[in-house]
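This report looks at the nonpolar cores of a protein model and at one helix pair.

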Amino acid sequence: MTNSMHDMGGMHGFGPVEAEPNEPLFHAAWEARVRALQRAMGATSVWTLDGFRAAQELLSPLTYLSSSYYERWFRALERQVVRYGLVGEDELASGRVLRPGILLNRKLTLDDAKANRSGRYDRPAPGPARFKAGDFVRARNINPTTHTRLPRYARGKLGTVEAVRGCHVFPDTSAVGAGENPRWLYAVVFTARELWGEEADPAIKVSIEAFEPYLLPA
Amino acid sequence: LKRALRYASLCGPATKDVAMPEDDHTHDHGSELSEMQLRVKALETILTEKGYVDPAALDQIVENFETRIGPHIGARVVARAWVDPDFKHRLFEDATAAANTMGGFDPVAAHLIAVENTPEVHNLVVCTLCSCYPVSVLGLPPVWYKSAPYRSRAVIDPKGVLAEFGVTLPEVTQIRIWDSTAETRFLVVPMRPAGTEHWSEEQLAALVTRDCMIGTGVPRVPQEAVR
């Protein structure tokens, strides 16, 4: 869901940012296991990274806010393994395997983990880029009910293309199993005044990484 | 109380001096954490028995974070940029390729983009939509980076956020926020502090903290080193 709790840019009321001195890498052993499970399950390619993000966005706003980061990951993992038929709800409820697993195309091996290679999301371009650095663009006002990476605060706003990043996997389709559908990606910069109004500090600018379908010529 | 603790875990520690070793932490939050421990263990067992994951590979992934990946990598990249103009030029052209010419760490796969702090512009990195972070050069993000206060305010109140990190900028310095809304990842190259002209690359790297490379910090030379 696009207009859900995760899209936080510009919200008020969460209080100060408080850094934890000498913060440990993980705050409990289970957090490390969740991190590793997400990586290993991601490597099976049953779902995409965007699909995993979308699964977190499906959490209710109350659950999203009252869960820690790795609790959200855990809930999203549970949701995904059930949704894709890898694990039954009865198995999650009982904590026991009740039927054999299905055969997956890929499994992350110890050697894969040792190699510590992660994926790239750049792809060959299906056609020429519509925009170039210096072009004025307006972010579209879209409110899809599925995953998108165009944050609410930028929608409808006027910006300038600052850089062309190449063609990348398009999250909006990748998240819903509709393919990688590579699209041109741009750095688009907005003034704080355009985003937040005339009272905003003229010395502040914000950029997003915007896929071509998010943008209109202006 | 339970809800308050969980909320605190989203928003960062409730008080500034709450950092505790893992054992104390577990002891403090007792039942809740052990419940998560059990649930995660159950899921891992199911996924293992069904043949989807290999526990040895999971151990290795955790070990990578504990021993191989961290902000020391980004600090080396920044220090090299400070001492080697040619490297610096290449870093701003293609940060992934430039970093991978250094060796000594796992090759960076991410589409990395280096952004330079100058007297005119200070850069600040955030991911408002989730918590995208340049893991290959900085390791795992701190809780505050993933918290609602940082994700909500970095784009609308960056000066307030910077003040909470003890960073105040000259009036003339513009602030540029980079919202990591795609798979591009940002590394802030801070300004080299004055008085470090004769420092070695290794000494310089020690000044470059994680926060400097996110934009919530600036390198500070210890007083005793200046004298």
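## Basis

This is a predicted model, in which local features need pLDDT of at least 70 and side-chain atom pairs count only at pLDDT 80 or more, while totals for chains, interfaces and linings use all residues. Residues are numbered from 1 along each chain as its sequence is written, chains are lettered from A in the order in which they are written, and side-chain values use heavy atoms, without hydrogens and water.

## Chain B

Chain B has 13 helices and four strands, taken as DSSP runs (helices H or I, at least four residues; strands E, at least two) numbered from the N terminus. Of its 227 residues, 54% count as buried, that is, under 20% relative accessible area with a 1.4 Å probe and protein chains only.

## Nonpolar cores

A nonpolar core is a set of buried Ala, Val, Leu, Ile, Met, Phe, Trp, Tyr and Cys residues joined through side-chain atoms within 4.5 Å. The largest one has 81 residues, and Val188(A), Leu91(B) and Tyr150(B) touch the most other members. Helix α4 (residues 71–83) of chain B gives the largest share, seven residues. A second, separate core of 39 residues includes Met41(A) and Leu86(A).

## Helices α4(B) and α5(B)

α4(B) and helix α5 (residues 85–93) of chain B pack at an angle of about 125 degrees, with axes 5 Å apart. The contact (heavy atoms within 4.5 Å) involves Val77(B), Arg80(B), Ala81(B) and Val83(B) of α4(B), and Pro85(B), Phe87(B), Lys88(B) and Leu91(B) of α5(B).

Note on methods: Buried means under 20% relative accessible area, exposed over 50%, partly exposed in between (1.4 Å probe, protein chains only). Axes are lines fitted to C-alpha atoms, for helices over the stretch in contact, and angles run from 0 to 180 degrees between N-to-C directions.
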